[in-house]
Amino acid sequence: MSEITQRERISRLLIVEDDEPQLRTLTAIMQDEGFEVIGCSTAAEGLDHIKQEDVGVAIVDLRLPDLSGTRLLEQLQTLNGAVRIIINTAYGSFDSAKDAVNLGAFAYVEKAADPEELVRQVHRAFRTHLQHYADDLEVAVAMRTSELQQANKALRREIAEHRETEEALRESEKSFRALAENATDGILIVTDAGTCRYANKHAGQIAGCAPAELLEAGFKDLSPADESGNVMEVFRNPLGWDTVPVQRETVLLRKDGRRIWVELTAAKTVWQGEPAALVVFRDVTDREAARERSRRHQAELAHVSRLSTMGEMASGIAHELNQPLFTIMNFAQTCRFKIESGRASPNETLDNLEEITAAAEKAGQIIRRLREFVRKREPRRSTIDINKIIHEVVSFVESEARIDGIRLRLVLALDELRVQGDTVLIQQVILNLARNGIEAMTGSKVDERELTIRTSEAGSDAIEVAVCDTGHGLSGEPVDRLFEAFFTTKPEGLGLGLSISRSIIEAEGGHLVATPNPDRGMTFRFTLPVSQGGQNDGS
Amino acid sequence: MEANGTVFVVDDDASVRRSLARLIESVGRPFQTFSTAKEFMDAYDPATPGCLVLDVRMPGISGIELQKQLAGKGINIPIIIITGHGDIPMAADAMRRGAVDFMEKPVSPQLLLDRVQQALSQDFDNRQIKAERDDLATRVTRLTQRERQVVDLAITGMTNKQIATQLGVSPQAIDAHRAKAMSKMHANNVPELVKLMVKTGVG
């Protein structure tokens, strides 16, 4: 029959009939109907089949030799609640159809009846069996649906939350962007290759163009080479810097061609998954100009102070110049006497002339040195050997010390001590300290007058110069007053020497301090940072 | 009289020292150079005739200080002080202490040599006078007490008679004492004796 469903074919029909011919007949009929039939003749066999196989419908004869019909019904139903049982028995062997149904049977068909009736009942039973499955399925579907609904609800909640988060992020991003956009500093994201990925409004203003132009141009196009020819690495390749964040001042070329000073901080970051540098910078041209002005003022003041120093030293300088002049005159006169008296030998004359030349050169050197020292000039930084500078200063104060009967003692480090600085300014500081020391000793006992200049390394990155006298020291004045402008103990002094010296040393990155010596006199010490890599250029 | 003493030069500047040595040598004078006052003091023998050319300011003992030390030891060597810068009070002080001259560098070499010559003559004279005085002093010590009494009174212009009256002895005895004393003092007559005694500083 075409009505037979997949399920009917799969679920089997169990026939329990102890009468062999009847079992065969029934089996044949039902097989003809297309059912898959399991036939058996005892209750025990029937229960086994129920246990082991998927039995959808069972046709049971209640009169079985091994088990009563009611017991069999009970056990069948216990084993498989879904099985539909059709009772097929001889008339009168079972009290009524009603009883049968009470016992859980699906249908009751008398053996005497038309087999068609039995077949119909089997079909019906299979359908209800199927219905049972369908019911099961519905329950399952309902449960699944409920689960799905739950899941859906959770999902919706999640989506809502997600949306809220997104909203919050958007808000946050918006406020951060607003923050970045409206920051008074220029903010840039620069990639490894030097391409600008983000530029805020102010970055554009500083660079003199629209922020979008910065993105097009690439930040490296705005970074000119500095005076020393080194391209500003931080602009070119901010990630090449090992130490982060990097901070420095540099010159930036604006779009309009104007050069401005910027102070920038660069830190490594990740921008859209790509390594990049976050560069925050500001225009410090005004500050730099002010600093430059103050540098110039300092230079002018230092110049005035040098002139004043030279004025004070005039007699010493005259003495120093007179030495070679006197020498020249003596040798010249010697030559003249010898020639006039006809006793001149060429060798001796040449020798005298050489002496004259040497003395004249010495005089020339003194004048050159003085001129260099008092010349008005722009500060120039270079690598200088501090010991050499001290020798030059000594040549300035030698005669003054000599006049006052002062011994000059140099205790210089054996190695070259290279520092970065301005030769004349550093000279000025040492000269100032040396002269102060000399002047402080005019009242000391002659054999105690000694000025010591000492150089040494101060740690790995600095040098120290100490100028030590045996003079009167401070008469009750606090040490720090020494460095005040216009504080002086000398009647003819300006009172600027030490204050200028301190500002010079501090501008070079060092410190100048004064300490009274334990026995007598004062020691002035200053440090200067060692020139980086300076140890290597000495040949 | 020709003075041929040694020129002692004390200057701490080596080239100045060399130039002075060459200059002094060119006029045929003996010389010695020193770089410090102490070096000079250690080497100097006051018996050597000469003069001193001294740089006034030097580390350690200064020129002025050396001048004082020499004076303190009774050494009377003529000193020419040379200075790098004119210092009037110091110059005055040096001159008061008997310096021959106080000259400012750069000194004209001719002028310096003139002063050196002058100083050497002065030293020569000083030494002559001192020698004479020493000689006279020796002669005076040879006089007996009585002879000395007679001489002291004679040079005041007293006659023999007056001296005899004052000392309570005969004029003949005074005559003998005076003649003996004049002989010891190498004086030919009374005026000569008076001159000699003045030279010894007694008169």
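1. Start in chain B, at a proline. Pro106(B) sits in the loop that joins strand E5 (101-104) to helix H5 (109-142) of chain B. The peptide bond leading from Lys105(B) into Pro106(B) is cis, and its omega is near -5 degrees. Most peptide bonds are trans. Keep in mind that this is a predicted model.

2. Next, two backbone angles. His186(B) is not a glycine, yet its phi is positive, about 60 degrees. His186(B) belongs to the loop between helix H8 (171-184) and helix H9 (190-199) of chain B. In chain A, Gln272(A) also has a positive phi, near 50 degrees. Gln272(A) lies in the loop between strand E9 (259-271) and strand E10 (274-283) of chain A. Most residues other than glycine have a negative phi.

3. Are these two residues buried or exposed? Gln272(A) has 9 C-beta neighbours inside 10 Å, so Gln272(A) counts as exposed. His186(B) has 12 other C-beta atoms within 10 Å, so His186(B) is exposed too. The cut-off for exposed is 12 or fewer.

4. Now the confidence. Chain A has a mean pLDDT of 80, and 86% of its residues reach 70 or more. Residues 1-9 of chain A fall below 50, and this stretch has 12 contacts beyond near neighbours in sequence. Residues 225-234 of chain A are also below 50; that stretch has 16 such contacts. Read both stretches with care.

5. Chain A in outline. Its secondary structure comes to 16 helices and 17 strands. Of its 539 residues, 32% are buried. Take the contacts in chain A with a separation of 6 or more: 62% of them link residues 24 or more positions apart.

6. One open sheet of chain A has five strands. Their order is E2-E1-E3-E4-E5, and the pairing is parallel. Strand E2 (37-40) and strand E5 (107-110) of chain A are the edge strands, each pairing on one side only. On average, neighbouring strands here are turned by 20 degrees against each other, direction ignored. Strand E4 (residues 84-89) pairs with E5(A) over four bridges, in the parallel sense. There, Ile87(A) stands opposite Tyr108(A). Helix H2 (residues 20-32) of chain A lies across strand E1 (12-16), E2 and strand E3 (55-60). Its angle to E2(A) is about 175 degrees.

7. Another open sheet of chain A has five strands in the order E12-E14-E15-E17-E16, with mixed pairing. Why do strand E12 (407-411) and strand E16 (512-516) of chain A each have one side without a neighbour in the sheet? They stand at the edges with a single partner strand each, so one side is left without a neighbour. The twist averages 15 degrees from one strand to the next. E16(A) and strand E17 (residues 522-529) run antiparallel and are joined by five bridges. Within this pair, Leu512(A) has Phe526(A) as its bridge partner. Helix H14 (residues 423-440) of chain A lies across strand E14 (450-457), strand E15 (462-468) and E17, at about 25 degrees to E15(A).

8. Helix packing comes next. Helix H10 (residues 285-312) of chain A packs against H12(A) at an angle of about 145 degrees, with the axes 9 Å apart. From H10(A), Arg306(A), Leu307(A) and Met310(A) meet Leu370(A), Phe373(A) and Val374(A) of H12(A). This contact holds five nonpolar residues, no polar and one charged.

9. How many residues of chain A are in contact with chain B? There are 24 on the chain A side, and they are in contact with 24 residues of chain B. Helix H11 (314-340), helix H12 (346-374) and helix H13 (386-403) of chain A each supply at least two residues to that side. H11(A) gives the most, with 15 residues. The chain A side divides into nine nonpolar, 11 polar and four charged residues.

10. Last, the nonpolar cores. The largest has 44 residues. Val53(B), Leu54(B), Ile80(B), Ile81(B) and Val116(B) have the most contacts inside it. A second, separate core of 42 residues includes Val393(A), Phe396(A), Val419(A) and Ala434(A).

Methods: Residues numbered from 1 in each chain as written. Chains lettered and ligands numbered in written order. Predicted model: local features only at pLDDT ≥ 70, side-chain atom pairs only at ≥ 80, totals over all residues. pLDDT = per-residue confidence, 0-100. Contact = placed C-beta atoms within 7 Å. Pairing = 2+ DSSP bridges. Axes fitted to C-alpha atoms, helices over the stretch in contact; angles between N-to-C directions. Nonpolar A, V, L, I, M, F, W, Y, C, P; charged D, E, K, R; others polar. Buried ≥ 20, exposed ≤ 12 C-beta atoms within 10 Å, placed from the backbone. Core = buried A, V, L, I, M, F, W, Y, C linked by C-beta atoms within 7 Å.
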